[in-house]
Amino acid sequence: MAIQLFDSLSRSLQPLKPSHADGVFRFYNCGPTVYAPAHIGNFRTFTVNDVLRRLLELEFGAGKVKHVRNLTDVDDRTIGQTQKEKRPLAEITQKWTDKFHADCDALNCLRPHVEPTATGHIREQVDMIECLMQKGNAYRAADGSVYFKLSTFPGYGALSRIKERELKVTNAVADADHKDSVSDFALWKAYKPEEDGDVKWPGPKGASEGRPGWHIECSAMIKKHLGETIDLHTGGVDLLFPHHENEIAQSQCCNGTTFANHWYHSEHLLVDGTTMSKSKGNYYTLSDLTDKGYSPMAVRYALLSGHPRKQLNFTLDSMHAAESALKHLRAFHAALAPTGGSENAFAAVFAALHDDLNLPGALGALFTVVNQGPAGVSRAAFERVLFVLGFKLDAPAAPKADIPAAIADLAAKRWAAKQAKDFATADALRKDLAAAGWSMLDRKDGYSLEPLKK
RNA sequence: GGCGCGGUAGCCAAGUGGUAAGGCCGAGCUCUGCAAAAGCUCUAUGCGCCGGUUCAAUUCCGGCCCGCGCCUCCA
């Protein structure tokens, strides 16, 4: 069965298939803005897209999928950060790009085949803006910025159904002095010395120096790396409007072709039932969770435990659940015979994934097999499941916490008491250790110490 | 106000016009001095509320209540 995926434009389930003669499936996923560490909500989208990428590779072949994901390294937020820190833009974006890569690796997300940056594609963006200006879809404003003229694209709003909305009047309108219409959006933003520092490039012909607007980078980079028509374009639901709507307008007006054959949007992660925010204290980065002692793989599991098109409520309890679930998978893997067994034992897992990336359904099917025991199950088949879900079941590299001397001393005393069969003392010392935040695990030949989860 | 998503056991979460997957937690048991680990077993007559359609609805239709998100640069 082909992979069926919900298409946001037609609002229906559609099969995924390469549309180009070379059989290469062209897949673009909107990437992060590198001005701060990505949070786990961002990573929900990226891990879901990673499963999609893996599934596509199994479906079409590893060499028949081209996956592109951009890095937004110049925009209001990145520039804002340079002003705040008084450091060069490149320094800041490099730092957070490195962190993003490290987090992705920890979460076992495959690197995209191409990871283009906005600043690396200024020329391509300027070319596209000039194309739009020539065709009459864009105009230079009084301040030297360039705006897309929405009224020239009748198809606008098909994706987000914007025409059915009432545009709420916001403060943004105050910013619209130079626009012909409030709804027109920036393709090129004229340089403002007091805000932009030294971030500027020569503009499109007829415009001032400055920097690209946000939306144009995706249109330009897609055109360069994947072509005018791609097979799948994905991102978080928040990008539906205006970002993706604007991309469609830019690309289709410039190229005169269909931009993307299929649109897919994953829903947001909630934390404790509400949207994440620093002020609510429910904002987590990957490091926040690993600092609490959770493994990155458990974070991945938790992020994949809900249907991607449904909001997922993340709680710290889900981290416990994920750690335990992974432990069971690890034990099951170890118990599998090296050869033999049914190759299609996990057919139901793949059926669920092919059915609109039903991840909870797939996990349910997976555990149904696991609960029946390892007998007669192919190890290779299980490993294909691990691959598609991106679960690395290596023993978790539990960072060896430094054990304070006082704790080590208590543990040694308890072990001695236990050896002497003075169980009352041993139990009292176990309580002392627990009170100090440490758990002592006995084995026949010795013991180990682990910090209790915070 | 507009658009969209959702309300299923203590928590997370699939799913179906024919009588509720799965994970976690919890409980019991086995094994262990204790604890942990591991294994086995059990855990929703019920799927927001009220009507309707139907032989049959959690699943379809209508109304209502509640929650969440988005509405110009947030994955």
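How many bridges join strand 9 to strand 10? Four bridges join strand 9 (residues 232-236) to strand 10, and the two strands run parallel; two strands count as paired if DSSP finds at least two bridges between them. Helices (H or I, at least four residues) and strands (E, at least two) are DSSP runs, numbered from the N terminus.

This is a predicted model, in which local features need pLDDT of at least 70 and side-chain atom pairs count only at pLDDT 80 or more, while totals for chains, interfaces and linings use all residues. Residues are numbered from 1 along each chain as its sequence is written, chains are lettered from A in the order in which they are written, and side-chain values use heavy atoms, with hydrogens and water left out.

H233 has W263 of strand 10 as its bridge partner. In strand 10 (residues 263-266), W263 and H265 point one way and Y264 and S266 the other way, and all are buried (under 20% relative accessible area; exposed is over 50%, partly exposed in between; 1.4 Å probe, protein chains only). In a regular strand the side chains alternate between the two faces of the sheet.

Strand 9, helix 7 (residues 240-255) and strand 10 form a right-handed β-α-β unit. Helix 7 contains P242, and a cis peptide bond with omega of about 0° joins F241 and P242.

**Domains**

Chain A is divided into domain 1 (4-266), domain 2 (269-389) and domain 3 (405-451); the bounds come from an automatic or database domain assignment. The centres of domain 1 and domain 2, taken over C-alpha atoms, are separated by 30 Å. In domain 1, 30 residues are in contact with 33 residues of domain 2 (heavy atoms within 4.5 Å).

Most residues other than glycine have a negative phi, and most peptide bonds are trans.

**Helix 15**

Helix 15 (residues 423-435) has 13 residues and reaches 18 Å from its first C-alpha to its last, close to the 18 Å expected at 1.5 Å a residue. In helix 15, A426, L429 and L433 are buried. These residues cover an arc of only 65° around the axis, which puts them on the same side of helix 15; the arc is that of the directions from the helix axis to the C-beta atoms. A424, K431 and A435, on the other side, are exposed. The cover over the buried residues of helix 15 includes helix 14 (405-419) and strand 13 (438-442).

Definitions and conventions:
Expected span 1.5 Å × (residues − 1). Right-handed = clockwise from strand over helix to strand, strands pointing away.
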